[in-house]
Each structure stands twice: as C-alpha cells, then as structure tokens.
Protein chains: 2
Amino acid sequence: MTPLPPPDPAFGRHDHGACVRTALAAADAACASRGVQFTPVRRRVLEILLEHHEALGAYDVLARLDREGLGSKPPVAYRALGFLVEQGFAHRIERLNAFVACSHPGSAHAPAFLICRSCGTVSEAEAAPGGPLGKEAAQSGFRIEQTVVEAQGLCPACQAAAAA
Amino acid sequence: MTPLPPPDPAFGRHDHGACVRTALAAADAACASRGVQFTPVRRRVLEILLEHHEALGAYDVLARLDREGLGSKPPVAYRALGFLVEQGFAHRIERLNAFVACSHPGSAHAPAFLICRSCGTVSEAEAAPGGPLGKEAAQSGFRIEQTVVEAQGLCPACQAAAAA
DNA sequence: CTGTTTATGTTATAACATAACAAGCCCTGA
DNA sequence: TCAGGGCTTGTTATGTTATAACATAAACAG
C-alpha cells in the first residue's frame, strides 16, 4: 500500500541497524590495519553520528558525551570528530557546520551531499569523477586538492508533507 | 618575458579597475531595476569585497566599516553582506565562512569556486548545468534548491612558489 | 502629518572552534 | 625496573562567527 521508497539509503526506509554495524565494523578494521586507536570516545562519537542520517553539531555531540560521562569540554568533541573525519569515518558538512557519519566506509571517495532543509537528513552521494570543476581547474592551471559539494533542498518525504 | 598568465580573471593579471567598475555599475543598475536601495553601507561593503579576489570575513569587513565610521556592530556587516548575497552581488564561501564579490554580476548563475589555500584568492566558475548532483537527486526524488561547489587547492602562482 | 515600510543603531548572547598546557597511559629499550 | 617518548585525554581560557530582539531614524504614500 505504501509507495515503495526510493533506493537512496538515507531518504528511504532501510535496515538502519545494518548501516551502523557495517560502519562500525569498517572503522574497527581500518583502525586495526592503520595502527591507529579506536578509543572509547572516538567509537562512541561515531555511534552517535550513526544514530541518524543527520548532521550533528559538535556541541550536540558534546552534550551526549557529557551525559554519558565521556567528556564535557569542547576539545573532547572536536578531537574525536577530527579523528573520524581524518580517517574517513565521518564528514564535515560545511554548510551546516556539522558532521555526519560516512555512508560508504572503506571506499576512497569524493563525497557529495544532499541536505534536506526541512528534516535535516543528509544523504551521501558520489561526486562526479574528476570533480565538477575539473575543466575550469585544468584551464587555469589550478590544482584541486579537495572539493566540497553540498546541495540543499527538499527530500521526497518533506516534499510530500509540504504539498499536503 | 614573463609567461602569459592563464585566462582566469582571478588568478591571472587583469584590469582590476574594470572588474570594480563593471560590478558596481551592474549593482547600481540591478538595484534601480528591482527597486531596492543601494545605500552607502551596502555600496561600501561591495567596494571593500571588490578590492581583491579574496574572501573576507564579516568581521574583517566590519573592521573596515568601523574605521570609516560606517558602523561598528556585527549586525551592520551581516546585514549588508546578506543584502549583497540576496541580490547576487556577492557570494558566501561556506568553507571559509567568508564572502567574495560576484565576478559575473548580472547573469543568473550557479556559482562554483576555486579557492587557493595559500594566497586565499577565490576564482568564480560556473557549475555544471543541472548541477553535479542532478542525477542522484533525480534518482532519489530529492528537489535541489541550491548547490555549494567549492574546490580548494593551489593556484598557478602558488604552485610555482611552492616548487621554487 | 500620520501610518507604513525600509534601513540603521545597539545590546546582548548564542553558536562554533582552537590554543596552550597538564596529566595519564602504554610501550619500549637501557 | 623505570626513564623516556608518543599518543590520548582533561581543562582553562579565549577566539571567532552569527543572530535575536528591540530602539531609532529616514523616506514615502495616503
């Protein structure tokens, strides 16, 4: 009866438990293979980000840590988030000054995001290969090191809600 | 003797006075035709942004305004910058929490930026039509309203300097 | 000259982020 | 064993970016 959800993992229904397990397992494996420590704070912050497909501000994360006795000062949250971003387990959303767990852990990628301005859901996509600015960069001799691609708009569910 | 600069207006040498005059004239005309006021503060802030092809923080702009007696409190700068962005005379660079004058005033556009991490120069380009995320959005039913595209890297001059 | 709209002035505070230093933990090699 | 180094965490303090809320003033239409 309910229309089938779109294939996108963040917007449609999906087995979110699998999201979480996959991401945590990938992080465990990556840390082990890289010889970096997946400490309790770092792991917990990733778990917090993984709870929803939404971007969380550093201070939101910090509030959670504080309630759980894992730290109460900004640097605790910023360090853990910085670690997760460095390792590719999370991404910073510039537009929101906030962070999301990575949806494609393990694979090297140039991430791009679809951000719903109504419900805050963030869906991670793959940016065009070479990047959307490859041509311009080549023309001018600019060497691109990293590209931020973030689209804002309305997700399917929020469009439906707005139409109602 | 010196190698010819690339064609890109921001990175290469160019008649910057013409940049400024063109942009101010376009802003004058647009304000007149839209019936909005191009007040002294707004005009001055655009002039300040136009001085270089670099992004300026709101508080940098504010410091300039303050020295010139045009305002000393954050809302003064944020309002003027907000106006310029609304009208398309300037753009906000999310990655830098800063603002640049628009390089293509007058034409409706989906801007994209090349940001040199060394000298801070910001060059404005045109994003791919339909946007770099058009395909993903269409697949999932997401309706894109705006897309941020910002590449960081090294401009030609700074690459040369780094190599030396 | 009065009410409306638009812009500016001002206070105060919210929200985001990091520098700098102290303390603990764990490993390793003398 | 324990001295030292490397890494992580704890804490203080502060820096940076941004906006809510309300007061004042200027411009204009009725």
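Which of the 18 residues around DNA strand C come nearest? In this predicted model, local features need pLDDT of at least 70 and side-chain atom pairs count only at pLDDT 80 or more, whereas totals for chains, interfaces and linings use all residues. Residues are numbered from 1 along each chain as its sequence is written, and chains are lettered from A and ligands numbered from 1 in the order in which they are written.

Around DNA strand C, the nearest residues are Pro74(A), Asn97(A), Thr39(B), Lys73(B) and Pro75(B), a residue being near a strand if its C-beta atom, placed from the backbone, lies within 6 Å of it. Two or more residues of this surface are given by each of helix H3 (58-67) and H4 of chain A and helix H2 (40-50) and H4 of chain B, where helices are DSSP runs (H or I, at least four residues) numbered from the N terminus. H4(B) provides the largest share, 4 residues.

Chain B can be laid on chain A with an RMSD of 0.1 Å by a turn of 180° and a shift of 0.1 Å along the axis, the copies being superposed by least squares on the C-alpha atoms of residues with pLDDT of at least 70 in both. This is the relation of a two-fold axis. Of the residues of chain B, Val149(B) comes closest to the rotation axis, at 2.4 Å (C-alpha).
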